[in-house]
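Dear colleague,

I am handing over the structure below, with a summary of what a search of its side-chain contacts turned up. Please read the summary with the structure open beside it.

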Amino acid sequence: MDKIIKIRDGTSPLERTILCAGEVVATAILMFVGCMGGVTGLSGEVTSAGQSGLVFGFAVLIAITAFGHISQAHINPAVTVGAVVLGNFPLINLPIYFMGQMVGAVTGFALLMLVTPLEYVGNHVNSINGTLQKKAGVCSPTMHPDITLVQAFIVEFLSTLILLLVCAAVWDHRNSDKVDSAPVKFAFTVAALSIAVGSYTGCHMNPARSFAPALLNGDWEYHWLYWAAPILGSIAGASMYRFIFSKK
């Protein structure tokens, strides 16, 4: 089993605590900066999908630059699952990273809610032509009304699969001389996927990113999809790279 999945390593309890703390702060940065870029109307201008996607990409760059050398800055449970499947991350650290990412996501989003008027970040009801319509809060998973549940699942699955292919390539030992550009690679990957896929499903690719606004805003609709599709896409992408493209 240990040849297929790395079960444990020699990390001490103190080192595991530092890893968890790194994920907490890195994920908090992602949520605070990334979701702030999606706040619409505060400056009198409507935030475009392109602008929001770029901000999320640069939030990833900040998080990885600050904590990539400490915890690898997964900032995403799907990425952590993919790292386990690739065989270069110990299974024993999986719950530690999950906990750090969830705490960090909630902390970052809570800080955003603290500094932003609630009507700009929370879910609320709008009156459109006399009809009351619920508007989801910022960063909450939102599907286009014309997209079916199956289509949304496929889109989140494939976008996370692509993200994991990039992760696997960056972590590949054949790219060990190009690690300095890793934050930029991840930033533009997330930005490109967010801009392309955002109008379909919001392009979350990250269960922690979906969990925080669901918890604090109560936006639980189709929440299972934003866990199942990214996790399965991560497993598929990591497995594809490991068993087809990787080289000992």
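**A charge over a ring**

The charged end of Arg209 sits over the ring of Phe56, at 3.9 Å from the ring centre; a charge is taken to sit over a ring if NZ of Lys or CZ of Arg is within 6 Å of the ring centre and within 35 degrees of the ring normal.

Before going further, please note that this is a predicted model, in which local features need pLDDT of at least 70 and side-chain atom pairs count only at pLDDT 80 or more, while totals for chains, interfaces and linings use all residues. Residues are numbered from 1 along each chain as its sequence is written, and side-chain values use heavy atoms, with hydrogens and water left out.

**Salt bridges**

Searching the whole structure gives three salt bridges, each defined as a side-chain nitrogen of Lys or Arg within 4 Å of a carboxyl oxygen of Asp or Glu. For accessibility, buried means under 20% relative accessible area, exposed means over 50%, and partly exposed lies in between (1.4 Å probe, protein chains only).

- Arg174 pairs with Asp172, their closest N and O atoms being 2.7 Å apart; Asp172 is buried, at 8% relative accessible area, whereas Arg174 is partly exposed, at 40%.
- Asp177 and Lys178 meet through their side chains at 3.2 Å, N to O; here Asp177 is exposed, with a relative accessible area of 61%, and Lys178 is partly exposed, at 39%.
- Arg16 and Asp9 form a salt bridge at 3.5 Å, N to O, in which Arg16 is buried, at 14%, and Asp9 is partly exposed, at 27%.

**Aromatic pairs**

Rings of Phe, Tyr and Trp (its six-membered ring) are paired if their centres lie within 6.5 Å, with planes under 30 degrees apart counted as stacked, over 60 as edge-to-face and the rest as tilted. By this rule there are five aromatic pairs. One of them joins Tyr241 and Phe245, whose rings are 6.1 Å apart, centre to centre, with 50° between the planes, and the pair is therefore classed as tilted.

Both Tyr241 and Phe245 belong to helix 9 (residues 225-245), where they are four residues apart, about one turn of the helix; helices (H or I, at least four residues) are DSSP runs, numbered from the N terminus. Tyr241 is buried, with a relative accessible area of 13%, while Phe245 is partly exposed, at 44%.

Notes: Helix = DSSP H or I, 4+ residues; strand = E, 2+ residues; numbered from the N terminus.
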